[in-house]
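Me: Please take a close look at one part of this model, the place where the two chains meet. Start with the fold of the first chain, then work through the interface.

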Amino acid sequence: MALKPITSRDLKRSRAFKDINMSILKNPFTKDIASVTNEESIKQSIKNIVLTAPGEKLFNPKFGSNVYNMLFEPLDPFMIDSLQVEILNTIKNYEKRVEVTNLRCIPDYDYNSVTVSLEYRIVGLPITETIQFVLQRPS
Amino acid sequence: MLPNNLTALDFEDIKSSIKTYLRTREEFLDYDFEGSGLSYLIDVLSYNTYYSSFMANMSMNEAFLSSSTVRDNVVNIAKLLSYTPTSIKCSKACVSLKVQTQQTGESYPNNITLQKGPIATGGNRTWNALSPVTVEVDQTTGIAEFLAVTLNQGSIITFSYLVDNFAKQRYVIPAESADMETLSVTVRPNESSTIKDTYNLVSNITEVKSTNRVYFLSETEDERYEVTFGDGTIGRKLIDGEVIEFEYLVTEGSIANDTSVFTFIGKFIDSNTVNYAPSAAKLTVKEKAQFGSEAETIESVKFNAPRYYAAQNRAVTTQDYETIVKRLYSNAKTVAAYGGDELNPPIYGKVYIAIKTKTGSSLNDATKTSLKTQLRSYAMASIEPVIVDTNTLYIYPRIFASYDPSTASRDVSNITSNIQDAVNQYAQQSEINNFNNNFSLSKFQKAVTSSDPNVADTSTQISLVQYVKATGNQSNTYCVSTGSPLLDSAPNLTLTTGSGTTESENTEVDVTITTTINEACKKEPVIKSGKFRLADRPGIDQYFEDDGFGNLVIYYISGNRKVITNPKGGTVDYNSGTICFGPVNIVGSGGDVPDVNVDGEIDSPELIVGTDFNIAIQSIPSNPSIIYTPDPGSIIEIIVPTISVSPLGTNLPPTIPLNSLTPEIFEIVPPIIEIPDISNNGNLANISCFNS
């Protein structure tokens, strides 16, 4: 008998997470704003934190990461290393719901961009999620 | 559920209020995570609320005089109360000039005129005469003497407007640092005319007619002043085509004060139309530059405007007198008015006004009379205003502080300067030098103890210093009162029989003999005077002190002995603190002593008549914890304290300064703790040089 794969939906949670969808979409059934829940909500939060520059969040000048500023540095292995450290520190400081298990920053020299691939574990749950996004200097 | 904290003005409070609201809802849950989209949304909402509430709060604050902070708003509210803040004031100096005129046809000119405009330089600034000054020339020597010329620091500026009633015109003085006391407003009928009408400033419209040449002054934006003319009903209305000319001094204010060296650069022209170069004049400085001040501060406007309005141009309550006197006499630093019924014995039908001047000097009789006359038009018919001199009660604190050498990280001089700063702050915060303010030793000591973390213990000796103002070569009794009881140095000792043997007037008795007669009656003096000279012994410095039983003993020092010349030279009422010295005939005090010939007589007694002599009296109060002003017309000043600092373990001296009164150091009025005034404007009225 094949075992049914375990997903986060099958786990009993002590706490649920629910956030507005940053795409600001409309829920076609409720006609209300769309929401994201649980691991999706955490994923969205991590992305928000990494892509927020310090000073951008009102009255919280230290919040966020410096990755956007770093994109203006020459793209070399040292910068990639710094970028990784910066992302790790930011998530460690501002997103307590996760533990990062793996982080890879892959430079694309042709397009002057960095693909960030982040693997993390949600604290208290045996679930590992991944998130991937591209950092590119705004043209 | 509604947000629970509607009064929150802080961003975090507003945010927390929104989160509290969201906690009661089930739609979203991630508001506590700073990275969530909801958190960003809450931030925006909070920021918007914060901004709106700040704006509302700011707008409402600025709408009221007591809470507004922006000068233009304060001034606008004060304008509704008919109050015009005083402008920057130029520094003024007084000089005399001597010019040797030239003969024309073997005769000297009849007179010579110092022309208006820049007449001197000093301190890298220009000093002006605001109007031409003409004096007669001595026909024998040809010398013309300008006894008192007032120099005004700044640059004379003229500015004109062409009247155009069709357009809505505002006549603004286009300079921020223009001294409005020097403003002269003239109007010419047209641009080509040379005839000028002078317009006068009015602040009260009750007596202004439709044809009077008057203008009104008010402060407008950016510390500039605006001139408004009549409307044809109250004051003459200006006609199209007329030309308004403003002439005023743009000055640097108080920066130019204390300039005392001037070089003459003015121009003279005599009655024979001969011009003279600046080198023809010899300049002598009579009064160094003073009275320059900055524009009235926001605090001062907020303080004065409502009081000025409350007085309503009439003096009924004592506060009205205080406000109006400040307005009439801008050299008044603080003013106290009190009814004669408050005096002992009461004097009905009079209101007494004591004025403390900014320059520290007393008002002369001419100023007092002038003020009294001006006040008559404000006062009620049956009330007579009386201007009196301010009595000053000086408090001399001697501070002894100990410090812990093991913890003291700094040197002793730092502790001393910190204590000095703390005393200054105490004096400023309690505004000790204002009328009706009392001295509190506990607050004073609290300030001293908390002045420096290394101060372990403090002990303060308090004594009082007053001055008897004696008139020379007249037999008088002079009384001063401390207003509070004086110390009894030995309450258990009473006067016993036997001391009467020494009580004949003008009998010299060696004090050593007296004490052997009645040792039990000896009390340590709590009142001591500085030195003075009496007509009976004009060549000898004498002093007085109290005997502890209500008498003042006059003596002089011979070697190391006190020689009593009058054991009853005055009386002391220890309960009321009244010290009466006399009858005595004073001919000198301190270092101001008469010349005495070989016979021990005064060389020129007529020179002493009418001279005022100050005699310092130092006394010990019975209760130094709180010292009240002796009467409503008195003020308390704190003499710069003597501070002694010693390491912990040294015995601090007792708090009562018995045996350590030092009136000799107060023969010249000592330096006191200066407390800055909220508005610092000057006036020339009580310096004779500026009046002539």
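Reply: Along its sequence, chain A runs β-β-α-α-α-β-β-β, that is, three helices and five strands. Helices here are DSSP runs of H or I with at least four residues, and strands are runs of E with at least two, numbered from the N terminus. This is a predicted model, in which local features need pLDDT of at least 70 and side-chain atom pairs pLDDT 80 or more, while totals for chains, interfaces and linings use all residues. Residues are numbered from 1 along each chain as written, chains are lettered from A in the order written, and side-chain values use heavy atoms, without hydrogens and water.

Of the 139 residues in chain A, 37% are buried, where buried means under 20% relative accessible area, exposed over 50%, and partly exposed in between (1.4 Å probe, protein chains only).

Now the interface. Chain A puts 22 residues in contact with 20 residues of chain B, contact meaning heavy atoms within 4.5 Å. About 1800 Å² is buried between the two chains, with 60% of that from carbon and sulfur atoms; this is the accessible area (1.4 Å probe) lost on putting the two parts together, summed over both. A:Lys18, A:Leu58 and A:Phe59 supply 35% of what chain A buries against chain B, more than any other three residues.

Between chain A and chain B there are 13 residue pairs in polar contact, both residues at pLDDT 80 or more. A polar contact is a pair of N or O atoms within 3.5 Å; within protein, one must be able to donate a hydrogen and the other to accept it, and residues adjacent in sequence count only if both atoms are side-chain atoms. On the side of chain A that touches chain B, the elements giving two or more residues are β1 (18-20) and α1 (38-51). The largest share, five residues, comes from α1(A).

Three salt bridges link chain A and chain B, each being a side-chain nitrogen of Lys or Arg within 4 Å of a carboxyl oxygen of Asp or Glu. A:Lys57 takes part in a salt bridge with B:Glu34 (3.6 Å, N to O). A:Lys57 also pairs with B:Asp43, at 2.5 Å, N to O. B:Asp43 sits in helix α2 (residues 37-62) of chain B and A:Lys57 in the loop between α1 and α2 (67-70) of chain A, so this pair joins two chains. Both B:Asp43 and A:Lys57 are buried. A network of salt bridges links A:Lys57, B:Lys15, B:Glu34 and B:Asp43.
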